[in-house]
Amino acid sequence: MRALLSRLWDLLLSLRNKPEGHQHKLWRSRRRPALGAVEKSPPASDIDMAEPTSETSSVEFLGTIEPAEAAPEIAKQKPRRRRRRCGADSFATYFPRVLKNVHQDLSLSQKAVSVMDSFVKDIFERIAEEASSLVRNNQRATITSREIETAVRLLLPGELGKHAVSQANKAVLQCGK
């Protein structure tokens with residue numbers, strides 16, 4: 001066993017002493033794993049080995065750290081918490097505000113909020129799709145308020161479309177101030 005380790009040590013030293021361009025693949029730097037990926041333990045050929053002597057400890061000989069010694073470093077690291085997006089894809093937070101402007105004493109049930117949210121998302125998708133087709137037909141690259149207004153007039157029938165356009169223009173003017 002000692003002879004085998006000695007021959008292996010000589011081979012590793014000879015590979016390590018070669019010029020930079022002629023390094024063996026064992027001594028090339030390994031790529032770091034992606035964040036969150038579990039790194040596998042290195043194969044036995046990748047472990048740095050010290051020359052076996054009577055004074056060397058098992059830690060120096062193998063070039064590794066014992067699990068008991070590595071545990072405190074892992075315990076010191078704080079786990080990162082990801083931020084949750086709070087209702088970024090929902091319009092539910094806006095319904096009570098709008099309802100309060102119209103009727104202060106009314107409120108909406110959860111089911112009503114869910115129905116309204118689905119309705120608003122559906123109308124939004126339809127308007128966006130119609131506006132994008134208008135832009136494509138006019139061979140332009142930007143959706144402007146004019147395309148949105150035309151899409152609303154095409155999608156919403158009669159008086160409802162006219163009212164929606166007038167309210168939208170009023171809102172745009174207020175935001176511009």
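Visitor: Is K121 buried, partly exposed or exposed?
Guide: The model is a predicted one, and in it K121 has a relative accessible area of 31%. Since buried means under 20% and exposed means over 50%, a value of 31% places K121 in between, so this residue is partly exposed.

Visitor: With which residue does the side chain of K121 meet in a salt bridge?
Guide: Side chains of opposite charge can pair when their charged atoms come close. Here the N to O distance is 3.4 Å, and because the limit for a salt bridge is 4 Å, the pair qualifies. Both residues lie in helix 5, four residues apart, which is about one turn of the helix. The partner of K121 is D117.

Visitor: Is D117 buried or exposed?
Guide: The relative accessible area of D117 is 11%.

Visitor: What is the distance between the closest N and O atoms of D122 and R126?
Guide: D122 and R126 both belong to helix 5, where four residues, or about one turn of the helix, separate them. D122 is partly exposed at 31% relative accessible area, and R126 also counts as partly exposed, at 45%. These two residues form a salt bridge, with their closest N and O atoms apart by 3.2 Å.

Visitor: In which helix do R153 and E149 lie?
Guide: The side chains of R153 and E149 meet in a salt bridge, at 3.4 Å from N to O. R153 counts as exposed at 52% relative accessibility, whereas E149 counts as partly exposed at 25%. The two are four residues apart, about one turn of the helix, and the element that holds both, covering residues 145-155, is helix 6.

Visitor: Where in the protein chain is confidence highest?
Guide: The chain averages a pLDDT of 75, and 54% of the residues score at least 70. Over residues 23-30 the pLDDT stays under 50, while helix 2, residues 58-62, has the lowest mean confidence, at 51. The highest mean, 95, belongs to residues 110-137, that is, to helix 5.

Terms used: Residues numbered from 1 in each chain as written. Predicted model: local features only at pLDDT ≥ 70, side-chain atom pairs only at ≥ 80, totals over all residues. Heavy atoms only, no water. pLDDT = per-residue confidence, 0-100. Contact = heavy atoms within 4.5 Å. Buried < 20%, exposed > 50% of the residue type's maximum accessible area, 1.4 Å probe, protein only.
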